[in-house]
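Subject: A structure for you to look at

Hello,

Here is the structure I promised to pass on. Have a look at it first, and then read my notes below.

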Amino acid sequence: MGRAQFVVRRTLQLIVTLWAVATALFLLFRSMPGDPTTYIVDPSLSGEARERLIESYGLNEPLHVQYMIYIQDVATLSFGQSFHSNRAVRDIIALYLPRTLLLMLTAFFFAYLIGITVGIIAGWRRNSDFERRSVFIALIARSFPDFWVGLIVLWIFGAWLDVIPMSGMRSGGIQYDSYWNVELWLDTIWHLIAPAAVLGFYLMGYPLLLMRNSMLEVLSQDFIEVCRARGLKERSIMFKHAARNALLPIVTAGAVALGYAVGGSVLIETVFGWPGMGREMVNAVLRRDYPVAQGTFFIFAMTVILLNFIADLAYGFLDPRVTYD
Amino acid sequence: MTTLLDVDDLEVYYETEDGPAQAVDGVSFSVEEGETLGIVGESGCGKTTLAKAIIGILPHNGYVNAGRIQFRGENLTELSDEQRRRRKWEEISMIPQSAMNGLDPVYTIREQINETIETHRPGTDRVESNRIVDEMFDLVGLDPDRADEYPHQFSGGMRQRAMIAMALSLDPSLILADEPTTALDVIMQDQILNRIEGMQDEVESSMLVITHDVSVVAETCDRVIVMYAGQIAEEGPVEEIFGNPYHPYTIGLKRAFPDIRKSNQDLMSIAGHPPELVDPPSGCRFAERCPLATEVCRTEYPPEMEFGELRTYCHHADEIDEEFRPVADRAETWEQTEAAEAKNAKATEATK
């Protein structure tokens, strides 16, 4: 079976998976304790006005009708309207998702860049001080919860040294006429540094340890010895041959980890007051704002599934031994 | 003939938890231009370590403790890493023990041979290096079109041949073949051996063939070194070593291989194991397993004895012709060693 057929088959699987996720989300929120109407309908309204309101949200319909409406919404990625703010869920996601992605992708990019590089060198220089220190740091990074480190960082650098903002994504009162204003971006980056660094530090441990182990395994293989006998340059053996082969498992693990990192943004966004989608999702659940909660959950789930799909494809490009049979 | 490689009193040690293991201990030999030299010996006798030391790819815990490796009059052990690297493959290439896994799985074979050529000869254009790849593939009997495939698309024997093609690509003066046929089935072994023999006719490189398989040596080599426990036991021309050896170990080794002309010959093994290399015996390392061993063998290092073109390291080599050779074929002879007696004593103990 060729690559094209594989893509088609996986895309069909993808659609089925997403449908299952959407259905599970629908049932999950309907079976949770609590009634959305008590949150969104003013108790002082008269009975008739109240029913009209409930009807306008479609909450009077039987479950299966609600489900059909919901699936149609999901299929068009619109997710309906927020119970709470009356805005389209699509607009809410469009507002919050880029913020979360900005934070997550920045942290993720640096975490994997540094983690993989250090992992390569640590594996290459086995039994060196460099290896021992980097493994120690990676274990520290993995063991300290990021929200806890976040609080410490805020306490030291924010409250005490006063070099980072305590919360938020932008300073109040900053003037900007467009999104391409330099000052606006500098201000955003200044707000971004602390949460991205804390998150990046936490995320870094995984690729570092994984890459080191993978390097050790590859370095023990025969072809590395032959590479040395061939008189290739040290750096070429290390990166072009050893690291290139060692990278294969990191790609899969990395894509899955990125999915979870996007979904796991809730804590870090809460600690640093970053107005992202994770925080919005929690608030939506607390408000029984079904459409927003479903929409955000679905986007997170979709991210994980899509990234898995991309990892599968990437593997085929990176490793010539992988066939799509 | 001029001397290409001259190894002089070489010691290669491995760092272990119990102290240095003397994997190669005081080995001297030379390889002439155009000559094929074989090194035989059982597993762990230091032959692969010797090869790795010569090409310069000892593992991290291995090091040259003493001695010289002269290559074209240049002591390789004194060169800097960078100088050494430039001579690898260009001057000395290898067909590794595990040639089947010697190729990087994520690059095509052409890419890997090109990489080797371009590393050593910067400025070689792609057309030229591609031409070399095609030529080498032709030489080893592979279809040049298949050079663009990945190693996993090749069978074991084809990978071995691709490895030989790569070993020849820079036209080196010396090729180390470390167990070139061990991982292959008998038919493939024969093909590869024929290929190596054919190659010897076509290219002028010297070869060092390292193997535990006596038949490989008999088929390809001019001269042979028999190694035992990190040292040379005996050295000489192939016909002499297999026809009329003077070291009891060589005689025993010969007896352990079937001879096609003697139909009902009993194959024998030499009782016991090679000594520990961390703290080896001070005398002859074979003494424990040798039927001729006397007190002097256990305490004193054996002298070099010469018999025509043979070089033998044994205290009793001059007694071989009269006393040992007539009885060497008898199983009882090989029962009279320290190792065999210890084994028998253990067996009797067990039956009691």
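The contact between the two chains draws on 17 residues from chain A and 21 from chain B; two residues are in contact if their C-beta atoms, placed from the backbone, lie within 7 Å. On the side of chain B that touches chain A, α2 (81–87) and α3 (109–120) of chain B each supply at least two residues, and α3(B) gives the most, with 3 residues. Sorted by class, that side of chain B has 9 nonpolar, 7 polar and 5 charged residues. Here Ala, Val, Leu, Ile, Met, Phe, Trp, Tyr, Cys and Pro count as nonpolar, Asp, Glu, Lys and Arg as charged, and the others, Gly among them, as polar.

Please keep in mind that this is a predicted model: local features need pLDDT of at least 70 and side-chain atom pairs count only at pLDDT 80 or more, while totals for chains, interfaces and linings use all residues. Residues are numbered from 1 along each chain as its sequence is written, and chains are lettered from A and ligands numbered from 1 in the order in which they are written.

Now to chain A. Its secondary structure comes to 13 helices and 0 strands, where helices (H or I, at least four residues) and strands (E, at least two) are DSSP runs numbered from the N terminus. The C-alpha trace of chain A spans about 85 × 60 × 40 Å along its principal axes. Of the 325 residues in chain A, 35% are buried, a word that calls for 20 or more other C-beta atoms within 10 Å of a residue's own, with C-beta atoms placed from the backbone.

One helix to look at is α7 of chain A, with 15 residues (146–160). Where is the kink in α7(A) centred? The answer is L154(A), and the kink is about 30 degrees, taken as the angle between axes fitted to the seven residues ending there and the seven starting there. L154(A) is also buried, as are D146(A) and G150(A). An α-helix has 3.6 residues a turn, so residues three or four places apart point the same way. The buried residues of α7(A) pack against α8 (182–219) and α11 (266–271) of chain A. After the helix comes D162(A), whose phi is positive, near 55 degrees.

Finally, V226(B): leaving aside neighbours within four places in sequence, its contacts include V40(B), I241(B) and L253(B).

Enjoy exploring!

Technical notes:
A residue is buried if 20 or more other C-beta atoms lie within 10 Å of its own, exposed if 12 or fewer, and partly exposed in between; C-beta atoms are placed from the backbone. The expected span of a helix is 1.5 Å times one less than its number of residues.
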